[in-house]
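Thanks for making the time this morning.

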Amino acid sequence: MLDPAATAFINHLLRGASWARDELRRFSGMTARFEVMPLALSLTVLESGEIAPAAAAAAPAVTIRLTPGLMLRFAVRDETAWREVGIAGDTDFASAINHLVRNLRWDVEEDLSRAFGDIAAHRMAESGRTFRRWGEQALLNTGRSFAEYWTEERPLIASAHDLDDFNRAVDELRDDVARLEKRFERYLNRQGAKTPE
């Protein structure tokens with residue numbers, strides 16, 4: 001059920017971007033599998049540069065594993081999120097997918113203008129952009145609040161200051177143990193020198 005809906009949406013985006021179809025044509029016949037637990041989506045690249053749901057027996061050329069947290073980071077356009085994606089298989093294909101994810105955009109306003117006209121579409125799109133900015137800010141504020149709660153109120157996560165203090169204490173303890181070992185060695189050497197033969 002997810003495959004046809006995702007395929008239709010992605011193909012809609014691809015039809016508006018010839019550069020993206022040209023990029024995908026190089027991987028014609030190859031299948032990419034996307035895993036976001038508990039869901040999985042397998043898509044095959046067609047000769048036209050568009051995609052189709054993969055056949056059940058199709059072996060993926062690349063498997064891309066995402067967590068729900070990474071999906072949220074992609075939604076707010078966190079550029080560093082791609083580094084944490086699990087990738088297995090053809091790295092060229094994965095790089096092309098990365099390029100598409102970063103650069104392929106949905107022109108919502110254009111689609112809305114076909115149904116409602118230019119002025120209404122512009123107002124709806126602007127409202128959507130305002131709502132998205134509000135959502136991104138709310139998500140950022142919520143994340144900061146949880147981080148503060150977990151580091152200050154109910155310490156599940158150590159703050160940077162606490163980690164620095166801990167590392168400093170470990171270094172001091174290591175140095176103290178090294179000094180104690182040296183003293184103990186000197187003491188044993190002196191005791192050995194005093195023992196008559």
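Let me begin with isoleucine 64, which, once its neighbours within four places in sequence are left aside, is in contact with Arg33, Phe34, Glu35, Trp82, Val85, Gly86 and Ile97. Please keep in mind that this is a predicted model.

Ile64 also belongs to the largest nonpolar core, a set of 26 residues, where Ile64 is listed with Leu24, Val62, Phe93 and Ile97 as having the most contacts inside the core. At least two residues of this core are supplied by each of helix 1, helix 2, strand 1, strand 2, strand 4 and helix 4, and the largest share, 5 residues, comes from helix 4.

So what does helix 4 look like? Helix 4 has 13 residues and reaches 18 Å from its first C-alpha to its last, which is close to the 18 Å expected at 1.5 Å a residue. At its start, a side-chain oxygen of aspartate 90 reaches to within 2.9 Å of the backbone nitrogen of aspartate 92. Further along, the buried residues of helix 4 are Phe93, Ala94, Ala96, Ile97, Asn98 and Leu100, and what covers them includes helix 2, strand 1, strand 2, strand 4 and strand 5.

Stepping back to the protein chain, the secondary structure comes to 7 helices and 5 strands, and buried residues make up 23% of its 197 residues. Of the contacts with a separation of 6 or more, 54% are accounted for by residues 24 or more positions apart. Finally, the chain exposes about 14200 Å², with carbon and sulfur atoms supplying 58% of that area.

Technical notes
Residues are numbered from 1 along each chain as its sequence is written. This is a predicted model: local features need pLDDT of at least 70, side-chain atom pairs count only at pLDDT 80 or more; totals for chains, interfaces and linings use all residues. Side-chain values use heavy atoms; hydrogens and water are left out. A nonpolar core is a set of buried Ala, Val, Leu, Ile, Met, Phe, Trp, Tyr and Cys residues joined through side-chain atoms within 4.5 Å. Buried means under 20% relative accessible area, exposed over 50%, partly exposed in between (1.4 Å probe, protein chains only). Helices (H or I, at least four residues) and strands (E, at least two) are DSSP runs, numbered from the N terminus. Contact means heavy atoms within 4.5 Å. The expected span of a helix is 1.5 Å times one less than its number of residues. A polar contact is a pair of N or O atoms within 3.5 Å; within protein, one must be able to donate a hydrogen and the other to accept it, and residues adjacent in sequence count only if both atoms are side-chain atoms. Accessible areas come from the Shrake-Rupley method with a 1.4 Å probe; for residues, only the protein chains shown count as cover.
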